[in-house]
Amino acid sequence: MELPKSIRFSSHISDPEVYINEMFQLHPDTKHDNDSGAIEIKNEIIDSSFRYLHLEEYLFLFTFRSYSPVDIEYDFIPNPKSEYLTLGFYFTESRSKNPLYVKIDEKFYSSDQISMFFNGNMNAGVFIKSRQKAFGIRLEIHKNWLLENIKETEIRKITLLKSIINKDQKGIVYTDAAMFLPLVKNIIEVMENEKVDFRNLKLKSHFYELIQQFFECYLKNEITPEKNQNSGELKSALNYLEKSIYKDFPGNEYLAELCKMSTSSFDKRFKIAFRITAVQYFRNLKMKEAVRLLQLGTNVKEVAYKVGYKDVSAFGRSFKNIYGTSPASYVKK
């Protein structure tokens, strides 16, 4: 049998029951255990296991392991009517060059580990290169669960979380998921062993810890990235940017010179430390200063010019991309 170069799967995202039914339809001959929620797929192209569990109301857990001699492509089909949100963690067992990558709106993110949080507006795909053993988990979380378990003041601190819940923004992707690996492995081990005492309680405990760590991690990097422990070698560039909020972005070449490193090394280390580019970091600094000025009563036009925007409309768009609302509406909250 001549193998294809790749195989493609598609599923509606952020809708757990539809997702489960699609797996059955996609693999009608697979071994399925109703009691454990386990699906085993084994043929010439793919060797995969998939498990699911309805942990509690509004909360579904999926774990998976897979291996294939050909490239695997998973397409997530937008499902904007769904009130579920997806938190996913994907890993490969070997640290080869970009064995796993995510495509979102034609933008690519490559690594051997990726974590994602998104809503039904997302148009995304996960690609796993051939001969890679991949594993991970997906959590389908209903909007009501988040609103019941996270205080509104905490949600407002994380502007991206708020915008994803309200479907104003499509999602978040970052490749530094290593810190979550031990917890993800624990979840998979408990999920696969039905004889574990208090299995559901342990899974819920692990899940609560995971979602707490995920959002705390994002909150820390969104609000106080300068405290990142990996940013010491970037200190000269960070100091310059913090003192230059009212100026234009100086360029990565200039910032790299300040840090006594090449531009390519600077770009790479900055993304590792903060999960965003230097220009995005500088824009966030400007927006934080804009918020401070707005809260002091400075009018929007003056704030825009103060932080370096010649066009008030452009300032408004940048502000909304970060805070999910216009500058004027933000002040009224």
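Predicted model: local features only at pLDDT ≥ 70, side-chain atom pairs only at ≥ 80, totals over all residues.
A pocket here is an open set of points on a 1 Å grid over the protein atoms alone, with protein on both sides within 12 Å along at least five of seven lines; lining residues have an atom within 4 Å of a point. The volume is the space filled by probe spheres set on the points, the probe being of 1.4 Å. Residues are numbered from 1 along each chain as its sequence is written. Local features need pLDDT of at least 70, whereas totals for linings use all residues.

The lining of this pocket comprises 21 residues, and Phe9, Tyr19, Met23, Phe50 and Tyr74 lie nearest the centre. Two or more lining residues come from each of strand E1 (6–12), helix H1 (16–26), E4, strand E5 (59–67), strand E6 (71–77) and strand E11 (124–128). Helices (H or I, at least four residues) and strands (E, at least two) are DSSP runs, numbered from the N terminus. The greatest contribution is that of H1, with 4 residues. By class, the lining holds 13 nonpolar, 6 polar and 2 charged residues; Ala, Val, Leu, Ile, Met, Phe, Trp, Tyr, Cys and Pro count as nonpolar, Asp, Glu, Lys and Arg as charged, and the others, Gly among them, as polar.

Strand E4 (residues 47–56) also runs antiparallel to E3, to which 5 bridges join it; two strands pair if DSSP finds at least two bridges between them. Within this pairing, Ala38 has Arg51 of E4 as its bridge partner. A hairpin of 4 residues connects E3 to E4.

Note on methods. Heavy atoms only, no water.
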